[in-house]
Amino acid sequence: MDIREMPRKHQPRSFAQTDIATDSTPSWWGRVGVGTAMGHHGELLQGVFHDKSGNPRRGLVTMPVVDLKTVAIFRGKAGSGPVRITVEPGSKDKARRAAELAVDYCAQRSGSPAVHGHLVNHTAVMSGLGLGASTSDVVASIRAVADWYRLSLQPAEIARLSVLAERASDSIMIEDRTVLFAQREGVVLEDFTTPLPPVIVVGCVAGPDLSVDTLTLTPAEYDPDELIRLQVMLSTLRHGIATADVTLIGAVATASARMNQRFLPKPELETLIAIGEAHAAAGVQVAHSGSVAGLIFDPERASVSDDIERCVRAMRHAGITHTEVFCSQPAKTGGRG
């Protein structure tokens with residue numbers, strides 16, 4: 001099933017579906033701040049890893065999708081009392097919280113007054129599937145507020161505010177390189193110094209439920225053998241990224257997806273792995289706290305287009321909901337704000 005054929009309640013809210021200027025926006029908020037953020041397609045690797053001091057830290061390596069975008073527009077006006085921000089759509093509580101935190105932070109950093117404001121989020125990222133919808137909203141909102149204050153925040157600053165706003169965050173605010181990111185702390189555990197090499201991902205929805213409430217998930221607890229295997233996976237992924245070896249990257253993603261079956265099982269996983277093996281995929285990656293999954297292909301393979309077509313047919317034949325095919329490679333420059 002193409003993503004455009006999914007039931008309306010699961011379709012992405014596109015930028016074109018909502019005008020920037022809305023009837024509920026006060027006309028006197030003329031100054032505008034704009035921020036953007038990309039989404040992601042789950043993770044390549046997630047688990048607990050040793051930091052440079054040998055301490056165990058939860059971390060993940062995100063699969064970025066630069067074509068999935070959130071645009072946030074912020075209008076502010078000076079006022080008295082605690083910061084009050086309205087948000088559109090009204091359900092975007094994390095985006096509102098992020099904007100409030102960003103106003104306090106940017107006001108302090110710039111030496112300017114804190115302002116009240118109105119925030120509008122336009123997003124093409126569906127929520128609850130593991131596509132980074134909430135983090136994309138949060139990062140775009142922080143950047144929009146910073147842009148209103150005419151500040152350029154560093155990724156580390158945005159990461160700290162993001163975690164405060166939503167408790168856990170992906171690394172989508174870091175757009176020019178791949179990192180191992182402590183999602184509950186908002187810090188980089190390891191910088192791979194280079195973007196993920198180009199890969200093609202054939203996406204799908206895996207699992208009985210389309211939507212997963214990440215806040216209700218119990219953090220995974222790994223046994224000693226799994227902790228050792230995670231260190232080996234990290235080492236392999238490090239080498240795969242450094243050498244642009246899609247086969248190694250795919251093998252790590254598959255191993256991480258299988259390990260995650262203990263915590264958020266996807267009944268279709270082994271079927272997906274078998275389909276991938278039959279059609280020359282490098283591996284399978286999943287959202288470790290969501291419902292999406294994808295088969296990874298090396299775009300340099302001569303027969304990759306034919307392999308992908310056969311893969312999509314095999315997914316549909318197996319009753320797996322195919323969503324889209326995308327090429328994932330981080331942007332060369334950071335987002336606005």
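User: How does α5 pass α6 in this structure, in a left-handed or a right-handed crossing?

Analyst: In this predicted model, the crossing of α5 with α6 is left-handed.

User: Which residues make the contact there?

Analyst: On the side of α5, the contact is made by Thr254, Ala257 and Arg258. Leu269, Glu270 and Ile273 take part from α6. Three of the contact residues are nonpolar, one is polar and two are charged.

User: And at what angle do these two helices pack?

Analyst: Helix α5, residues 246-259, packs with helix α6, residues 269-278, at an angle of about 160 degrees. Their axes are 11 Å apart. Because angles over 145 degrees count as roughly antiparallel, α5 is roughly antiparallel to α6.

User: Why do you give both an angle and a distance?

Analyst: A pair of packed helices is described by both the angle between the axes and the distance between them.

User: Which residues meet between α1 and α3?

Analyst: From α1, the residues are Lys94, Arg97, Ala98, Leu101, Ala102, Tyr105 and Arg109. They meet Glu157, Arg160, Leu161, Leu164, Ala165 and Glu166 of α3. By type, this contact has seven nonpolar residues, six charged ones and no polar ones.

User: Now the strands. In which sense do β5 and β6 pair?

Analyst: They pair in the antiparallel sense, over four bridges. Within this pairing, Phe181 stands opposite Val188 of β6.

User: What lies between the two strands of that hairpin?

Analyst: Four residues lie between β5 and β6. In this hairpin, Gly186 takes a positive phi near 75 degrees.

User: Where do the residues of β5 point, and are they buried or exposed?

Analyst: Val179 and Phe181 point one way from β5, while Leu180 and Ala182 point the other way. All of these residues are buried.

User: What about the whole chain: how many helices and strands are there?

Analyst: The protein chain has seven helices and ten strands. It contains 337 residues, of which 53% count as buried.

User: What share of the contacts joins residues at least 24 apart in sequence?

Analyst: That share is 75%, counted among contacts between residues at least 6 apart in sequence.

How values were computed
Residues numbered from 1 in each chain as written. Predicted model: local features only at pLDDT ≥ 70, side-chain atom pairs only at ≥ 80, totals over all residues. Heavy atoms only, no water. Buried < 20%, exposed > 50% of the residue type's maximum accessible area, 1.4 Å probe, protein only. Pairing = 2+ DSSP bridges. Axes fitted to C-alpha atoms, helices over the stretch in contact; angles between N-to-C directions. Parallel < 35°, antiparallel > 145°, perpendicular 65-115°, else oblique. Left-handed = near helix turned anticlockwise from the far one by under 90°. Contact = heavy atoms within 4.5 Å. Nonpolar A, V, L, I, M, F, W, Y, C, P; charged D, E, K, R; others polar.
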